[in-house]
Amino acid sequence: AGARLFGVQPLPWHVVNWLLHGLNVALLYAWVRRWGAGTLGAAVAAGLFGTSRLLMTAIYAPSTLGELLALGLTLSSLLVALRAGVASRIASASLFAAALLSKETVLLLPLVLLLPSPGGGPWRARLARGAPLLVIGGLFAGYLKLSATHLGGAAYATGFGFNVLR
């Protein structure tokens, strides 16, 4: 969709990356608040995250859209997972699946749902919240293991062919 909208013009890609980074900063603020930090603590955490020079590579290059999407989708998934109800579990699992398709580096982030948190409830409640995400992560890890011979190979070939499925 981005290629059709923006083509090879770098400015729109940079604007999208910048906006996604801003959304990730807001999501991090919400996540830190949800885990019991005060307004000041959450603002400092989000501010440090948002202004860190380490993130320059993720924001600067148009090709890093996947990293920004993966983080935003994972943080959204974790926040939705903390809500009660089957609809929340389905939405959280869907968001996390989309995050994994954006970038596989978020695979282990749902483990944070197992950690004790303010108002997090007993172990079983935490496990029930994290289970759908952990199952999806396990299936994805199994897929990566089975397709390990293809990682970094033909999947990164240019053109449309069987490499797209890999």
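**View 1. Valine 80 and its contacts in the predicted model.** Leaving aside neighbours within four places in sequence, valine 80 is in contact (heavy atoms within 4.5 Å) with Ser88, Ala91, Ser92 and Leu95. Valine 80 belongs to helix H5; helices here are DSSP runs of H or I with at least four residues, strands are E runs of at least two, and both are numbered from the N terminus. Residues are numbered from 1 along each chain as its sequence is written, and side-chain values use heavy atoms, with hydrogens and water left out.

**View 2. Helix H2 against helix H5.** Here H2 (residues 10-34) packs with H5 (residues 65-81) at about 25 degrees, their axes 9 Å apart. Axes are lines fitted to C-alpha atoms over the stretch in contact, and angles run from 0 to 180 degrees between N-to-C directions. On the H2 side, look for contact residues including Trp13, Leu20, Leu27 and Trp31; on the H5 side, they include Leu65, Leu68, Gly72 and Leu79. The residues of this contact comprise 14 nonpolar, five polar and one charged. In this count Ala, Val, Leu, Ile, Met, Phe, Trp, Tyr, Cys and Pro are nonpolar, Asp, Glu, Lys and Arg are charged, and the others, Gly among them, are polar.

**View 3. The largest nonpolar core.** This core has 20 residues, and Trp31, Phe96, Val106, Leu113 and Leu133 have the most contacts inside it. Such a core is a set of buried Ala, Val, Leu, Ile, Met, Phe, Trp, Tyr and Cys residues joined through side-chain atoms within 4.5 Å; buried means under 20% relative accessible area, with a 1.4 Å probe and protein chains only. At least two core residues come from each of H2, H5, helix H6 (86-102) and helix H7 (123-146). H5 gives the largest share, five residues.

**View 4. Around phenylalanine 96.** Not counting residues up to four places away in sequence, phenylalanine 96 touches Thr74, Ser77, Val106, Leu107, Pro110, Leu133, Ile136 and Gly137.

Conventions: Predicted model: local features only at pLDDT ≥ 70, side-chain atom pairs only at ≥ 80, totals over all residues. Buried < 20%, exposed > 50% of the residue type's maximum accessible area, 1.4 Å probe, protein only.
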